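Please look over the structure shown here.

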Amino acid sequence: MDQDPSPSQRRSGQRQVVIIDDDPRLRQFLCGELEVEGYAVREAADGQSALIALRENPSDLILLDWLLPDFSGVEVCRRIRASGITTPIVMLTGRDGVQERVEALDSGADDFMLKPFSVEELLARLRAHLRRSSYGQEEEDNDERLIYADLILDTATREVSRSGEAITLSVREFELLRHLMKSPNRVLERQAILRAVWGENHFGDDNLLDVYVRYLRRKLEPAGRPTLIQTVRGVGFMLREGDVRS
């Protein structure tokens, strides 16, 4: 990865973006656009060098290509999250299938953009993710431990359990459940959920929400236990105990 900007190059309070992409022309183009917007930019052409540099000096935001010469972007994303780095990650991909988008988000990505993309939309999404990361810690401090019926979610340890049994969730499943648990017994509209969990500039297919609700139900609602996530047809979803699942 390129060396960090020097103190004279990186102004006080300047946000830093890391671009991980093996296309030098795209990196050059994005660097120019981001620097004009006031960001300090670092570059990497492969996953290994990016991982080493990020572990030593995390950035404020990461732009990550799906295809890299050594690891896939999904694998790089998983390794970044396994290192404990919570920096927002926007995946750049030419794949538009729902399963590919789910794979990217499950690996820990915060967002994805389909190539070719609008620079204006990219910059808007970056601003939105940086705003969310600025306030995210304060939000977690305010709801460190959420409890509903026999379901417990701990934002500090990112652990979830039901009746004392640990439940393993992906990053996006965890964020969706946390949002639902912050407003139990209240109907949440689909678009409001998408904005809260996927970001205010989410323009993707809202079928992703149905996919993740299905994932959560499989993990949270075993046979013989009351259901927890209820569908309000034509509106959205709500967290409320329902009938026992057969």
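Predicted model: local features only at pLDDT ≥ 70, side-chain atom pairs only at ≥ 80, totals over all residues.

Residues are numbered from 1 along each chain as its sequence is written, and side-chain values use heavy atoms, with hydrogens and water left out.

Q: Which term describes the orientation of α4 to α8?
A: Helix α4 (residues 98-106) and helix α8 (residues 207-220) have axes that come within 11 Å and cross at roughly 60 degrees. Angles under 35 degrees count as roughly parallel, over 145 as roughly antiparallel, 65 to 115 as roughly perpendicular and the rest as oblique. Therefore α4 is oblique to α8.

Q: Which residues of α8 make the contact with α4?
A: Contact means heavy atoms within 4.5 Å. From α4, the contact involves V98, Q99, R101, V102, L105 and D106. On the α8 side the residues are L208, V211, Y212 and Y215.

Q: How is α6 oriented to α8?
A: Helix α6 (residues 171-181) packs on α8 at about 85 degrees, and the axes are 10 Å apart. Because of that angle, α6 is roughly perpendicular to α8.

Q: Is C77 buried or exposed?
A: Buried means under 20% relative accessible area, exposed over 50%, and partly exposed in between (1.4 Å probe, protein chains only). The relative accessibility of C77 is 0%, so C77 counts as buried.

Q: How many disulfides are counted?
A: A disulfide is a pair of cysteine sulfur atoms within 2.5 Å. By this rule the count is zero.

Note on methods:
Axes fitted to C-alpha atoms, helices over the stretch in contact; angles between N-to-C directions. Helix = DSSP H or I, 4+ residues; strand = E, 2+ residues; numbered from the N terminus.
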